[in-house]
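Please keep the structure open while you read.

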Amino acid sequence: MMRCILALSLVLLVGLSHGLLGAPATPLCPMSLKPVDMTGDSVASISFHANKIYFCCNGCLKSFVQNVMEYVKDTPDPLDPALLGTQVECAVTGTRMTVSPSSLRLQLDNGQDLFFHTPNCLKNFKQNPSAYITAQSKKEADIL
């Protein structure tokens, strides 16, 4: 019995040390759909309030900003049940809200969801998404 417990503990420790259990997903660039290298000092990103979007390079960031709606899925995937009940911010107003099955959202090609507090917020975003982008650094502001 003790050997079983020790073996199970070892498997669990090895899994954790290799990032196999509970590891956060590596963000995908919404342009190239390549994994974003999060180890660099200059990770390209933009935000719609708390909705941060990462890019593999500044070129992808710039192209995305020029035509955001081109990278939104026509039909989003079903809502991840793990998101139900979580707190998110509206991509337009920053209003905190709880995710429910009826939450208004758009989904980027990389699977990332953007949530909206009201139908009007969603409409305004679709009309001019770039108006709601906030740069995270001076470097990103210069690109935008």
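With which side chain does the side chain of aspartate 113 make a polar contact at 2.6 Å? Point 5 answers this.

1. **Ground rules.** This is a predicted model, where local features need pLDDT of at least 70 and side-chain atom pairs count only at pLDDT 80 or more, while totals for chains, interfaces and linings use all residues. Residues are numbered from 1 along each chain as its sequence is written, and side-chain values use heavy atoms, with hydrogens and water left out.

2. **Overall layout.** The chain has four helices and seven strands. Helices (H or I, at least four residues) and strands (E, at least two) are DSSP runs, numbered from the N terminus. From that end, the order is α-β-β-α-β-β-β-β-α-β-α. Of the 144 residues, 31% are buried. Buried means under 20% relative accessible area, exposed means over 50%, and partly exposed lies in between (1.4 Å probe, protein chains only).

3. **Strand 1.** Five of the five residues of strand 1 are buried, so the rest of the structure largely encloses this strand. Ala44, Ile46 and Phe48 point one way, and Ser45 and Ser47 point the other way. Strand 1 runs antiparallel to strand 2, and five bridges join them.

4. **Strands 5 and 6.** These two strands also pair in the antiparallel sense, over four bridges. Leucine 106 has leucine 114, in strand 6, as its bridge partner. Five residues separate the strands in their hairpin, and glycine 111 in the turn has a positive phi of about 95 degrees. From strand 6, Asp113 and Phe115 point one way, while Leu114 and Phe116 point the other way.

5. **Aspartate 113.** This residue lies in strand 6. Aspartate 113 is buried, with a relative accessible area of 13%. Its side chain makes a polar contact with the side chain of arginine 105 (2.6 Å). A second polar contact joins it to the side chain of glutamine 107 (3.2 Å). (A polar contact is a pair of N or O atoms within 3.5 Å; within protein, one must be able to donate a hydrogen and the other to accept it, and residues adjacent in sequence count only if both atoms are side-chain atoms.)

6. **Helix 3.** Which residues of helix 3 are buried? They are Cys121, Leu122 and Phe125. (The arc is that of the directions from the helix axis to the C-beta atoms.) The face turned away from the buried side carries exposed Pro119 and Gln127. The buried residues pack against strand 1, strand 5 and strand 6. Contact here means heavy atoms within 4.5 Å.

7. **The core.** The largest nonpolar core has 29 residues, and Ile46, Phe48, Phe55, Phe64 and Phe116 touch the most other members. (Such a core is a set of buried Ala, Val, Leu, Ile, Met, Phe, Trp, Tyr and Cys residues joined through side-chain atoms within 4.5 Å.) Strand 1, strand 2, helix 2, strand 6 and helix 3 each give two or more residues to this core. Helix 2 supplies the largest share, four residues. Leaving aside neighbours within four places in sequence, the contacts of phenylalanine 48 include Phe64, Leu114 and Phe125.

Methods
Two strands pair if DSSP finds at least two bridges between them.
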